[in-house]
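Biologist: I'm new to reading protein models. Could you walk me through this one, step by step?

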Amino acid sequence: RGSATRSCNKVQSMRFILALALVAAATALHTPSSTLGAVAPLASRTLPRGFLGLQLQRNASPTTNMALRGGGSVDPDVFVKAACLVVGVYTVEMLLMPAKIVTDHFNEESTPLSEFMIRGGAVGYFTAIAAILQLPTAAAHQISLFMIAAMGVLYPWNAKFGYISNLNVKYPMHYIPEILMLGLTIMGALAY
């Protein structure tokens with residue numbers, strides 16, 4: 001019975017993390033609402049000049065989403081918030097359930113020492129999130145992208161490919177951080 005309960009908790013955790021990843025991805029695809037500059041070309045073709053006292057002119061600049069945002073295909077602020085959300089969820093888990101980090105992702109038992117180290121590491125992540133959210137978006141974007149890419153290299157991809165550590169990874173649960181960090185890294189790169 002204990003094994004069935006643990007399996008059910010793992011499935012619920014996996015669903016929750018997957019839902020958070022989908023929300024982050026969906027917000028990255030959200031386009032800003034139309035502005036007068038984006039509507040002006042259409043309005044100037046369909047309405048006579050001076051209609052209702054409006055003097056609409058054709059917009060000389062492109063009206064794509066990237067041009068409206070002034071940059072990449074992902075809003076940097078959305079990426080920063082998504083990265084902080086994902087790291088925040090893992091940080092809460094590190095603080096409250098450090099053994100779960102080990103037993104969910106590795107075919108190993110958690111030890112008091114690993115729980116001690118994982119729980120203590122939560123302080124640094126909470127501090128990083130708080131600091132990043134205080135920065136201007138441009139700086140927060142760069143730091144968040146570095147943090148996510150470095151975490152991907154040192155944690156899930158290292159566990160998968162074993163270029164620094166040789167670990168006994170537990171699948172399918174470990175696919176979540178592998179794909180999540182890859183998706184966030186790509187999302188951060190697209191925000192330039």
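Biologist: How much accessible surface does the protein chain have, and what share belongs to carbon and sulfur atoms?

Modeller: This is a predicted model, where local features need pLDDT of at least 70, side-chain atom pairs count only at pLDDT 80 or more, and totals for chains, interfaces and linings use all residues. Residues are numbered from 1 along each chain as its sequence is written, and side-chain values use heavy atoms, leaving out hydrogens and water. Accessible areas come from the Shrake-Rupley method with a 1.4 Å probe. Here the surface comes to about 11700 Å², with 68% belonging to carbon and sulfur atoms.

Biologist: How many helices and strands are there?

Modeller: Both are DSSP runs: helices (H or I) have at least four residues, strands (E) at least two. This protein chain has nine helices and zero strands.

Biologist: What share of the residues is buried?

Modeller: Buried means under 20% relative accessible area with a 1.4 Å probe. Of the 192 residues, 32% count as buried.

Biologist: What is the volume of the largest pocket?

Modeller: On a 1 Å grid, a pocket is an open set of points with protein on both sides within 12 Å along at least five of seven lines; lining residues have an atom within 4 Å of a point. The largest one has a volume of about 730 Å³. Its lining has 27 residues, and I101, F106, I118, Y155 and P156 are the closest to its centre.

Biologist: Which helix gives the most to that lining?

Modeller: Helix 6 does, with five residues; this helix spans 112-132.

Definitions and conventions
Buried means under 20% relative accessible area, exposed over 50%, partly exposed in between (1.4 Å probe, protein chains only). On a 1 Å grid over the protein atoms alone, a cavity is a set of points where a 1.4 Å probe fits but cannot get out, and a pocket is an open set with protein on both sides within 12 Å along at least five of seven lines; lining residues have an atom within 4 Å of a point. Grid points are joined across faces, edges and corners, and a volume is the space filled by probe spheres set on the points.
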